[in-house]
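Here is a short briefing to read alongside the model on your screen. Have a look at the fold first, and then we can go through it topic by topic.

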Amino acid sequence: MGKYLTRNAVIGLVFAAFLAVIDQIVKWYVTGPLGISRPGDNMELLPFFDLTYTENYGISLGMLQATNMEMRWLLVGLTAAIAVVVLIWMLREKLLGDILGLAMILGGAIGNIRDRYMLGYVVDYADLHIGTFRPFLVFNIADAAITIGVVIILARSFFVRDEDTNSDKDAENPVPAEN
């Protein structure tokens, strides 16, 4: 294995690829065999969860809408550049927890980049609701993976890093032994 391709990095790469493939398979299944393929098409699965087809021309929360071809390719390039940064970050990490969080972000980004590249928009279908209250926009597996990955990275940066820093300080300032 190369300088950055540790066992944990390979696990992260495989996990990212797995998430991207699962995202694409579910999108294909929803829009193909289930026939939920036009904006507004809907299928109730549970009292609190529907499959509702939407085409997302923007990025997170619908920001930066790709209203023309130039904007579409700008978004493909921007999200691809972010994915490359996440990939490099992931390959430099040592701890599996950090790598898995980054792999979730990378896998989700790859799934959504493929949609935007091939279709010009991202296919969203997961509609979580409580009655008429919808706490989230319609999303997909890639969006969920990105969100969960970001939460993991943030949580680990707040909690795990502090433990590492404290143990380093303890090593620098040993407590004298009692007699």
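A residue is called buried when its relative accessible area is under 20%, exposed when that value is over 50%, and partly exposed in between. Counted this way, 34% of the 179 residues of the protein chain are buried. Please keep in mind that this is a predicted model.

**Overall layout**

- The protein chain holds four helices and three strands.
- Along the sequence, these elements follow the pattern α-β-β-α-α-β-α.

- Helix 1 (7-31) is built from 25 residues.
- From first to last C-alpha, helix 1 reaches 36 Å, close to the 36 Å expected at 1.5 Å a residue.
- Which residues of helix 1 are buried? They are Asn-8, Ala-9, Gly-12, Ala-16, Leu-19, Ala-20, Asp-23, Gln-24, Lys-27 and Val-30.
- Leu-34 sits in the loop between helix 1 and strand 1, and with 27% relative accessibility it counts as partly exposed.
- Leu-34 and Leu-51 are 17 residues apart in sequence, and their C-alpha atoms are 9.7 Å apart in space.

**The strand pair**

- Strand 1 (residues 42-46) and strand 2 (residues 49-56) run antiparallel and are joined by four bridges.
- The link from strand 1 to strand 2 is a hairpin of two residues.
- Across this pair, Glu-44 stands opposite Asp-50 in strand 2.

- Gly-120 follows helix 3 and has a positive phi, near 95°.
- Met-69, Trp-73, Tyr-117, Met-118 and Leu-119 make a nonpolar surface patch of about 530 Å².
- Helix 2 (69-92) and helix 3 each supply at least two residues of this patch, and helix 3 gives the most, with three.
- Tyr-117, one of the patch residues, lies in helix 3. Its relative accessible area is 47%, so Tyr-117 is partly exposed.

**Aromatic pairs**

- A pair of aromatic rings is described by the distance of the centres and the angle of the planes.
- With a limit of 6.5 Å between ring centres, the count comes to three aromatic pairs.
- Trp-28 is exposed, at 52% relative accessible area, while Tyr-29 counts as partly exposed at 42%.
- Tyr-57 and Tyr-121 form another tilted pair, with 5.3 Å from centre to centre and 50° between the planes.
- Which parts of the chain does this second pair tie together? Tyr-57 lies in the loop between strand 2 and helix 2, and Tyr-121 in the loop between helix 3 and strand 3 (122-128), so the pair links parts that are 64 residues apart in sequence.
- Is Tyr-121 buried or exposed? Tyr-121 counts as buried because its relative accessibility is 13%, whereas Tyr-57, at 30%, counts as partly exposed.

Terms used:
Residues numbered from 1 in each chain as written. Predicted model: local features only at pLDDT ≥ 70, side-chain atom pairs only at ≥ 80, totals over all residues. Heavy atoms only, no water. Pairing = 2+ DSSP bridges. Patch = residues over 30% accessible without salt bridge, like charges linked within 9 Å, V, L, I, M, F, W, Y side chains within 5 Å. Areas by Shrake-Rupley, 256 points an atom, 1.4 Å probe, with all protein chains shown as cover. Salt bridge = Lys/Arg side-chain N within 4 Å of Asp/Glu carboxyl O. Buried < 20%, exposed > 50% of the residue type's maximum accessible area, 1.4 Å probe, protein only. Phe/Tyr/Trp six-rings, centres within 6.5 Å; stacked < 30°, edge-to-face > 60°. Expected span 1.5 Å × (residues − 1).
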